[in-house]
Amino acid sequence: MTSRKKLQGLVAATITPMTPDGQINLPVIRQYVDYLVNKQTVKNVFVNGTTGEGLSLSIQERKQLAEEWVCQGKDKLDHVIIHVGALSLPESQELARHAAAIGAGGIAVIAPFFFKPTNKDELVSLLQKVTSEAPDVPFYYYHIPPLTGVKIRVEELLEGIKERIPTFQGVKFSDTDLLDLAQCIHKNEAQQLEFLYGVDEQLLGALAVGANGAVGSTYNYLGRQTNLMLEAFAKPDLALARKYQFLTGEFLNFVIKLGFGVAQTKAVMTFVSGIPMGPPRLPLLGASEEFIAKAKAKLDSIVWPDGN
Ligand SMILES: CC(=O)N[C@@H]([C@@H](O)[C@H](O)[C@H](O)CO)[C@@H](O)CC(=O)C(=O)O
């Protein structure tokens, strides 16, 4: 593996832009990259994950999106991580090979969630088979038990993983179990791993236990404010960091009560950025006009500490 810049700070879990008739909308990605970098101060992306509806896309579509993000991100983004997890091992391997061939900065793999691994050994065996197809590409385990139902603790998974998977680089940790996260960080301090937190509304808690950064959907449109929270935390100005977390939390708390998921994220990103994200793919249905009006009014009502 060649020397690389450490992955830290914010990573936008990218949305997959779609045309009104449900095709992936590749030409929008160039503008999307510029928007993330210039308006949201976010220079890392995580492609084809949950927010990107990766598991609802065909292999061909996933490859096209990965290529477009790597191509458009060249010289603009620091890291382009491609999620290559799939229910079928050969498909996941094919995506891993493809990510390596196009020069992705990293790959991530979710646990299969139909036939689920029931213990650590089954899961590591699968991860090993996928990652060995991309032997020079840093690998992140994508832990998201609320969606996969795979609840193997990461602390346990990490024991001995480097011996079996030399490219293991870290974890995208999308769970509320901060005890598990904290133990992972504590036990692996010597290894220079990267722990990226994935529950945006409680990122400050994860930073407190040592997370290096975060991957999330809200960094598409609240990246600037969340970066100000990260800056305040680093100073440290905890009172200011808390203000940012409370305010992003106020918005999320509001929309979660209305019903919030990938479809609604697409709608919010569309009205905040002006870039058309289009509809989600079935089984998801588009956000209602009522949701959009309420979410916009809520976001507009928030006064951020920097006055913007
Ligand atoms: C369940 C879910 O979608 N979680 C999001 C969060 O960013 C989430 O949207 C946010 O915390 C709001 O609840 C991310 O962890 C998912 C993610 O990073 C991805 O798209 O791969």
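Is Asn 44 buried or exposed, counting other C-beta atoms within 10 Å? Asn 44 is buried, because 25 other C-beta atoms lie within 10 Å. A residue is called buried if 20 or more other C-beta atoms lie within 10 Å of its own, exposed if 12 or fewer, and partly exposed in between, with C-beta atoms placed from the backbone.

The model is predicted: local features need pLDDT of at least 70, side-chain atom pairs count only at pLDDT 80 or more, and totals for chains, interfaces and linings use all residues. Residues are numbered from 1 along each chain as its sequence is written.

**View 1. Asn 44 and its contacts.** Asn 44 lies in strand E2. Helices (H or I, at least four residues) and strands (E, at least two) are DSSP runs, numbered from the N terminus. Asn 44 is in contact with Leu 7, Gly 9, Leu 10, Val 11, Leu 77, Asp 78 and His 79, leaving aside neighbours within four places in sequence. Contact means that two C-beta atoms, placed from the backbone, lie within 7 Å. Asn 44 and Leu 7 are 37 residues apart in sequence, and their C-alpha atoms are 8.1 Å apart.

**View 2. The shell around the ligand.** The ligand is surrounded by 17 residues. The closest are Ala 13, Gly 49, Thr 51, Gly 198 and Gly 216. By class, the shell has six nonpolar, nine polar and two charged residues. Here Ala, Val, Leu, Ile, Met, Phe, Trp, Tyr, Cys and Pro count as nonpolar, Asp, Glu, Lys and Arg as charged, and the others, Gly among them, as polar.

**View 3. The annotated binding site, Thr 51 and Val 215.** An unreviewed UniProt entry places the feature "binding site" at these two residues, Thr 51 and Val 215. They span 165 residues in sequence, yet no two of their C-alpha atoms are more than 10.4 Å apart, so they gather at one spot. UniProt positions follow the numbering used here, feature names are shortened, and annotations may be inferred rather than shown by experiment.

Thr 51 is in the loop between strand E2 (44–47) and H2. Thr 51 counts as buried because it has 24 C-beta neighbours inside 10 Å. Not counting residues up to four places away in sequence, Thr 51 touches Ala 13, Thr 14, Ile 15, Ser 217, Val 262 and Thr 265.

Val 215 is in strand E8 (residues 213–216). With 28 C-beta neighbours inside 10 Å, Val 215 also counts as buried. Among the residues that Val 215 touches are Ala 13, Lys 172 and Gly 198.

**View 4. The annotated active site, Tyr 142 and Lys 172.** The "active site" annotation in the unreviewed UniProt entry covers Tyr 142 and Lys 172. They are spread over 31 residues of sequence but cluster in space, with a largest C-alpha distance of 4.8 Å.

Tyr 142 is in strand E5 (residues 139–143). Lys 172 is in strand E6 (residues 168–173). Tyr 142 is buried, with 28 C-beta neighbours inside 10 Å. Lys 172 is buried, with 28 C-beta neighbours inside 10 Å. Tyr 142 is in contact with Lys 172, and also with residues including Gly 49, His 83 and Ala 108. Lys 172 touches Val 215, one of its contacts along with Ala 108, Leu 196 and Gly 198, among others.

**View 5. Helix H3 and its buried side.** Helix H3 (residues 89–102) has 14 residues, which should span 20 Å at 1.5 Å a residue; its end C-alpha atoms are 20 Å apart, which agrees. The expected span is 1.5 Å times one less than the number of residues. Ser 92, Leu 95, Ala 96, His 98 and Ala 99 are buried in H3. They cover an arc of only 165 degrees around the axis, which puts them on the same side of H3. The arc is that of the directions from the helix axis to the C-beta atoms. Leu 89 and Pro 90, on the other side of H3, are exposed. The buried residues of H3 pack against helix H2 (59–73), strand E3 (79–83), strand E4 (106–110) and helix H4 (120–131). Gly 103 follows H3, with a positive phi near 85 degrees.

**View 6. Helix H11 and its packing.** Helix H11 (residues 238–258) has 21 residues. Its buried residues are Ala 241, Tyr 244, Gln 245, Thr 248, Phe 251 and Val 255. Seen down the axis of H11, they fall within an arc of 125 degrees, so they line one face of the helix. Packed against them are helices H9 (203–208), H10 (223–234), H12 (262–273) and H13 (289–301).

How values were computed: Near = placed C-beta within 6 Å.
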